Each structure stands twice: as structure tokens, then as C-alpha cells.
Amino acid sequence: MEIRPILSALLRNKTGPILVALQVALSLGILANALHIVEERRAVAARPTGLADEASTFYFQVRNLNTDGPEQMLATIRRETEVLRAVPGVASVAQVSQMPLSRSGSNNSVAVDQGQERETAVASQYVSGDSLVKTFGLKLVEGRDFLPGEIVEVNENEQRELPKQVIVTKALADKMWPGASTAIGKQVWFGTGDGALSSQVVGVVERLQSAHGEMGERAEFATIVPARVYGRPGNMYAIRTEAGQRDRVIKEAEEALRKSSATPVIMQTKTTEEDRKSRYRADLALSWMLITVSVLLLLITSSGIVGMASLWVTQRRKQIGVRRALGARKLDILRYFILENFMITSAGVFGGVLFGLSLNHLLVTKLEMARLPAPYLVGGAVVFWALGILAAYGPAWRAASISPATATRSA
């Protein structure tokens, strides 16, 4: 075996091998964590909102330039809802307080018991006087949608009232009552202490993302409250259209709202697709940046291995010529250099695994990221082993091609 003479040669010239091994270790540790972050971010960006058809969903934020009182505002909400429902191609309309991934909305602390010192979770609160199950196309996994008689009308300037029924997401139900066979009939407390209000769960939807799309499980903690809220200027309407009709409906719905109002109307239109793109723009930019860094690390590391191997071939031309003159085959020389680089790369790989785990531990404790799965380190190790062999092959082949006459011509 050639391992002993290779080790002996490496120990006599330690600086080059140590630098290459360190380069491999740093590259592997960074690469494994970078790719893990990329995969995590892309998985987050691809999470479903719970809406049946995001491509057919949009919403209006409407503000009438008038001085109506609360009762007139309530009448305006009813009128605008009916106007939007009458537009051809509209499948469903709902007045709503916020939209998934819009990054604008309210949260509420929820608890299992009024006497808790701290809340069980913080959930995104959707308030609507219409059926969000129908308009969003949410999937009920337990219970039912709200009945018409359960929807209350709330003047938010005067009343602090909650309906007696609530729909929650499955993720929130599992958080609040882990292991329970059903969440139907259970009480949800909004807040804790004497001022807390409660509602009874009548339905559980499979999924509804929050307005802010947080990382982790909190993104799917949401409640739906059946209330038509009025009293402040401005309303929001979520609209789901028939397939392929969204762009046309947006134009016609905006025109219909303006014609139906006796006063000027300020409107802003956004689609769910636009909100998704805006919410995850930074995550996708980070992903591409990390991919670029990873590619550069691979190129730099392979260049380092090639450079070191080429330098050693140049320095050992006489020794290689002597070995060839003594009967060493090309395969022997090729195997020697490849094995030498494989040993150096292996040292770097083992160091990279330790560095990768340490770096991930830091990210987990400081940034609350997920732990690095073993396949990233195993896959990274295989990549760098293959990279080391491929990068060393060219210089090793040149070494194997040196003529035995080199030994006699060298001084």
C-alpha cells in the first residue's frame, strides 16, 4: 500500500495540504448550511395559503370620500358587496379584515383557559361578515361553516364584542388541544384574565395562512370570526372569480363600484399572487445569493486542489522520472496522486462535518433555524470527495505521462 509513503511525504510538506484541507472543511461546512437554508426558504415560499385557487383570487381596498355615519357605512358595505356579486365571472365575494400574505393585518392571543398566565398561541384573526370558507375555498376538516344567524354586525367605535362562534385552523387546534379527538365544541379564549372573551369552535379548516406568513408553525395559526365590522372609513373585499376570468373581473368590478357610488372612491387592487411574490421576494433573493456563493466555493476549492496538485507535479518531476525509470507504470503514478489528494480531501471532509454541525448549532440557537439534516452533510462529503478526485485527475495524468528520460536529463 502507498498510504505510508504518502503520509510521510505530506508530513514533510505540511503547509500546502493543511491549507487545502482547511479550504475543503470551510467550504463543506458553509455549503451544507447554505443549501439547507436555500431548501428551507424555498419550501416556506411554496407553502399553500389554504385558498382553493390563488390565481383566481384578488381583493379591493375601497374608501369612499364622504362623511357618512356608522349606519350609512354599514349600508355602503352591503351595497358594495351586492355590486361585486353582480359582476359576471365572480364566484364569491366576502368583506374581510385582512388577506393571507398581505403583510397587513391583526393578530390575537388565544388561550385554552381564561385563567392562564400566558396565552397558548398568537393567531391571525380574520373577521368577515360573509363566508370565507366559500370565498377562499377553504377545506373544512371538522364541523361546519357559520350559519347566517351567527353573523353579527359590530360598530367597532362603540362595541367590544365577539361572536359566540369561531372557526380555527387545524394547526391552531392541534396546538391548543394536542391529542384531542376533536376541537368542535371547545372554547377559545381571546386573551387571558378578566377581560378575556370566549367563542365556541364550530369548524376546523385544513389550512389558512396568516397575513404575515411567519416562519414556522405560527404561519398557520388563524381564526375566523363571523362579524360584519363597520364604523371606520374603508373596506376590504376578497373576490374569487371563475377560472381564467380574474383580470377581466378586476376591471369590470372596479368600474361597477365607481358607478354605484355617489361620491369619489379610492381603490387599490391586489392579487394573492402579487402578495405571495412580495412576501417572499427577500427569501428568494437570499436563496439565489446562497446558491451563487455555493457555486463560487466549489470553484475556488477545486481550483485550490488543481493548483496544489500541479505544483507538486512540477516539484516532483525528477522523482516521478526516477520511478518511471525503475518500472513504475502510468497507472501507479496516477493512483499515487489521486490517493494523495483523496486523503487530503478526506481530512477536510471530516473537519467540514464538524464545522458544519457547529455552524448549524449557532444558527439554531441564535436565529431559531431548523437543525441540519444528515443528508446535507453526507451529500456534501460525497461531492467534495468527487471534486477532489476530478480536480486532481488532470495534474495526476500529466505526472503519469512524464517520460523516464526526465530523470537522466535533470541536474
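A residue counts as exposed when its relative accessible area is over 50%, as buried when that area is under 20%, and as partly exposed in between. Keep that in mind as we walk through this structure, which is a predicted model.

Let's start with the aromatic rings. Searching the whole structure turns up 4 aromatic pairs. In one of them, Phe342 and Trp385 have ring centres 6.0 Å apart and planes at 25°, so the two are stacked. This pair ties together distant parts of the chain, with Phe342 in helix α10 (residues 330-367) and Trp385 in helix α11 (residues 374-400), 43 residues apart. Trp385 also pairs with Phe350: here the centres are 6.4 Å apart and the planes sit at 80°, so this pair is edge-to-face. Phe350 is in helix α10 too, 35 residues from Trp385. Together, Phe342, Phe350 and Trp385 make up one aromatic cluster.

How open are these rings? Phe350, at 53% relative accessible area, is exposed, while Phe342 is partly exposed at 34% and Trp385 is partly exposed at 24%.

Still on the surface, there's a nonpolar patch built from Leu26, Ile30, Met289, Val293 and Phe355, with about 390 Å² of accessible area together. Helices α2 (15-45) and α8 (281-315) each bring at least two residues to the patch. Ile30 belongs to α2, and its relative accessible area of 32% makes it partly exposed.

Now for the inside. The largest nonpolar core has 20 residues, and those touching the most other members include Val166, Val188 and Val201. Among the elements giving two or more residues to this core are β7 (165-169), β8 (187-190) and β9 (197-205). Val166 has contacts with Phe146, Phe190 and Ile224, among others.

Note on methods
Residues numbered from 1 in each chain as written. Predicted model: local features only at pLDDT ≥ 70, side-chain atom pairs only at ≥ 80, totals over all residues. Heavy atoms only, no water. Patch = residues over 30% accessible without salt bridge, like charges linked within 9 Å, V, L, I, M, F, W, Y side chains within 5 Å. Areas by Shrake-Rupley, 256 points an atom, 1.4 Å probe, with all protein chains shown as cover. Salt bridge = Lys/Arg side-chain N within 4 Å of Asp/Glu carboxyl O. Helix = DSSP H or I, 4+ residues; strand = E, 2+ residues; numbered from the N terminus. Buried < 20%, exposed > 50% of the residue type's maximum accessible area, 1.4 Å probe, protein only. Core = buried A, V, L, I, M, F, W, Y, C linked by side-chain atoms within 4.5 Å. Contact = heavy atoms within 4.5 Å. Phe/Tyr/Trp six-rings, centres within 6.5 Å; stacked < 30°, edge-to-face > 60°. Lists of a residue's contacts leave out its neighbours within four places in sequence.
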